[in-house]
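Please keep the sequence and the coordinates at hand while reading.

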Amino acid sequence: MRILVVEDEKKVASFIKKGLEEEYFAADIANDGKEGLNMATTEEYDAIIMDIMLPYIDGISLLKEIRKRQIATPVLMLTVKDSLKDKVEGLDAGADDYLTKPFAFEELTARIRALLRRNETTKSSKLKVGNLVLDLHTHKVIRDNQEIILTPKEYAILEYLMRNSNKVVSRTKLIEHVYEYHFDPETNIIDVYINKVRSKVDTNFATPLIHTIRGIGYIIKDE
Ligand code: CA
């Protein structure tokens, strides 16, 4: 899952990015409101974390602009103080949740996970395809009682496929949701990673779950 962080305080932004990466998210930073608007409207994100106080375009105006352009990506607003006015304005402008600075990182990731769950039919913290289970909290992947050890990128790929199980996921979509902004889509690294995920998830099991749809992408399904 790929997250956009719109925050002009460099220290805070890199702290959030580092923390998100430790939780296996891909994260991009926009340093001001203008850059945030540009990135939010040209790239595809699964969630946006946005400060209210931003240069050029403040968070409330930025959020209004994003919603005006029909971008429904869940937004978590960061407010400096526990200001009721900021919260009300943020929620009115289309924010899904808010968090008051300073915050504990655990709370931020818990709220992000909750926002990502809102679009899903199941509210469970586990994704399941056949006998394969991925735990979004512990990042553990189990198939038929055997733990499968994945690197963070392999995990992110499997998570995205499992969130979209029984649907074909294009190579481009996979790259957009698993990699950061400066990733070169022409490289074959995604195929290399997919092969690694596959060998870990499917080798030694009678039924393969991950399938290649030639020329399009990949699908994970239990058949
Ligand atoms: Ca700020």
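Is Asp 144 buried, partly exposed or exposed? Asp 144 is partly exposed, with a relative accessible area of 46%, where buried means under 20% relative accessible area, exposed over 50%, and partly exposed in between, with a 1.4 Å probe and protein chains only. The model is a predicted one, in which local features need pLDDT of at least 70 and side-chain atom pairs count only at pLDDT 80 or more, while totals for chains, interfaces and linings use all residues. Residues are numbered from 1 along each chain as its sequence is written, and side-chain values use heavy atoms, with hydrogens and water left out.

**Calcium site**

- The calcium ion has as its protein donors Glu 7 (OE), Asp 8 (OD), Asp 51 (OD) and Met 53 (O), at 2.1 to 3.1 Å from the ion; donors are N, O and S atoms within 2.8 Å of the metal, or 3.2 Å for Na, K and Ca, and because water is not among the atoms, sites may look incomplete.
- Glu 7, in the loop between β1 (2-6) and α1 (10-22), and Met 53, in the loop between β3 (47-51) and α3 (59-68), are 46 residues apart and link distant parts of the chain; helices (H or I, at least four residues) and strands (E, at least two) are DSSP runs numbered from the N terminus.
- Glu 7 is buried, with a relative accessible area of 0%, whereas Met 53 is exposed at 57%.

**Backbone geometry in loops**

- Most residues other than glycine have a negative phi, and most peptide bonds are trans.
- Asp 144, which lies in the loop between β8 (141-143) and β9 (146-148), has a positive phi near 50°.
- Asn 166, placed in the loop between α6 (152-163) and β10 (169-170), likewise has a positive phi, near 70°, and counts as exposed at 52% relative accessibility.
- Lys 101 and Pro 102 are joined by a cis peptide bond with omega about -10°, and Pro 102 belongs to the loop between β5 (97-100) and α5 (105-118).

**Strand pairing**

- β10 and β12 (residues 217-220) run antiparallel and are joined by two bridges, with Ser 170 having Gly 217 as its bridge partner in β12; two strands pair if DSSP finds at least two bridges between them.
- Strand β11 (residues 210-213) is also antiparallel to β12, through four bridges, and Ile 210 stands opposite Ile 220 in β12.
- The hairpin of β11 and β12 has three residues between the strands, and Gly 215 there takes a positive phi near 80°.
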